Amino acid sequence: MARQSTFGNMVVSLSVICLVCAAVLGVVYCITEKPIADAELAKVNNAIAAVVPAFDNNPSDDVQVLGDSKVYTATNGGSLVGYAIQVKSSGFGGPLQMMVGFTPDGTIYNTSIISHSETPGLGAKITDDNIQPRAQVKGKNPGVNNISVSKDGGEIDAITASTITSRAFLKGVNMAYDVFKQISENNEPEQ
């Protein structure tokens, strides 16, 4: 004979189901937490290696956080070779997370896109190293050059049909340069 459904039975049944689901989710989280963290660290380390000159330290071991930005210092033989600065800008499809590498004098060495939500075929082209905005900022110093799209009076050509993404990318480059200036001022030797 079937048990009669009562409020108490329903509460007990739903509580047991919730506890079992919570336990399963907890186990899955514990199993996947480290691999996900390792994959994110590998993504950051690859971006650092792509945006600064050759280094022999591990920049991700010594990260400085300034506001929403992260700064990774790269050295070779104890000498500073550059800074990799991770910033987040807002593109057409959402956040554009990127890494900008600077040599000690403030020149942009290279850039790397870590993640984006841009439109495939248009704004997503920003991941291509040779696309106009990314190729054109290499070797420029934002303290000397106007790092903005030519439609806004700057020196950089936008991706065709994707000016918003180009602006977001260049805004990120300028945000990274502002962080670079803060780091440079903090690391100047006292006289």
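Lys and Arg count as positive here, and Asp and Glu count as negative; His and the chain ends are left out. With that in hand, look at the structure above, which is a predicted model. The chain carries 13 positive and 18 negative side chains. The centres of these two sets lie 11 Å apart.

Now take the overall layout. The chain has three helices and five strands. Read from the N terminus, the elements run α-β-β-β-β-β-α-α. The radius of gyration is 23 Å, well over the 16 Å that the globule rule gives for 191 residues, so the chain is more spread out than a compact globule. The box around the C-alpha atoms tells you about the extent of the chain. Along the principal axes, that box is roughly 85 × 45 × 25 Å.

Next comes the surface. The accessible surface of the chain is about 11100 Å². Carbon and sulfur atoms account for 56% of that surface. Of the 191 residues, 36% are buried. Contacts can also be sorted by distance along the sequence. Take the contacts with a separation of 6 or more: 46% of them join residues 24 or more positions apart.

Start with Val44, which is placed in helix 1. Is Val44 buried or exposed? Its relative accessibility is 12%. The cut-off for buried is under 20%, so Val44 counts as buried. Which residues does Val44 touch, once its neighbours within four places in sequence are set aside? They are Tyr72, Gln86 and Met99. For a sense of scale, compare Val44 with Ala135. These two are 91 residues apart in sequence, and their C-alpha atoms are 21 Å apart in space.

Ile48 also has its place in helix 1. Ile48 is buried, with a relative accessible area of 1%. Leave out residues up to four places away in sequence, and Ile48 touches Phe55, Pro59, Ser60, Tyr72, Ala84 and Met99.

The side chains of Lys34 and Asp38 form a salt bridge, with 3.2 Å from N to O. Lys34 is exposed, at 56% relative accessible area. Asp38 is partly exposed, at 37%.

Now go to a loop between strands. Gly91 lies between strand 3 (79-90) and strand 4 (95-102). Gly91 is in a loop, yet Gly91 is buried, with a relative accessible area of 17%. The C-alpha atoms of Gly91 and Ile131 are separated by 16 Å, and the two residues are 40 apart along the chain.

Further along is another salt bridge. Here the side chains of Lys140 and Glu155 meet, at 3.7 Å from N to O. Both residues sit in the loop between helix 2 (132-137) and helix 3 (163-186), so the pair ties together parts that are 15 residues apart in sequence. Lys140 is partly exposed, with a relative accessible area of 21%. Glu155 is partly exposed too, at 38%.

Helix 3 holds a charged pair of its own. Asp178 and Lys181 join their side chains in a salt bridge, at 3.7 Å from N to O. They are three residues apart in helix 3, so about one helical turn lies between them. Asp178 counts as partly exposed at 41% relative accessibility. Lys181 counts as partly exposed at 37%.

How many salt bridges are there in the count? The count comes to four. Among them are Lys34 with Asp38, Lys140 with Glu155, and Asp178 with Lys181.

Technical notes: Residues are numbered from 1 along each chain as its sequence is written. This is a predicted model: local features need pLDDT of at least 70, side-chain atom pairs count only at pLDDT 80 or more; totals for chains, interfaces and linings use all residues. Side-chain values use heavy atoms; hydrogens and water are left out. Buried means under 20% relative accessible area, exposed over 50%, partly exposed in between (1.4 Å probe, protein chains only). Helices (H or I, at least four residues) and strands (E, at least two) are DSSP runs, numbered from the N terminus. Contact means heavy atoms within 4.5 Å. The radius of gyration is taken over C-alpha atoms; the globule rule is 2.2 Å times the number of residues to the power 0.38. Accessible areas come from the Shrake-Rupley method with a 1.4 Å probe; for residues, only the protein chains shown count as cover. The place of a charge is taken as NZ of Lys, CZ of Arg, CG of Asp or CD of Glu.
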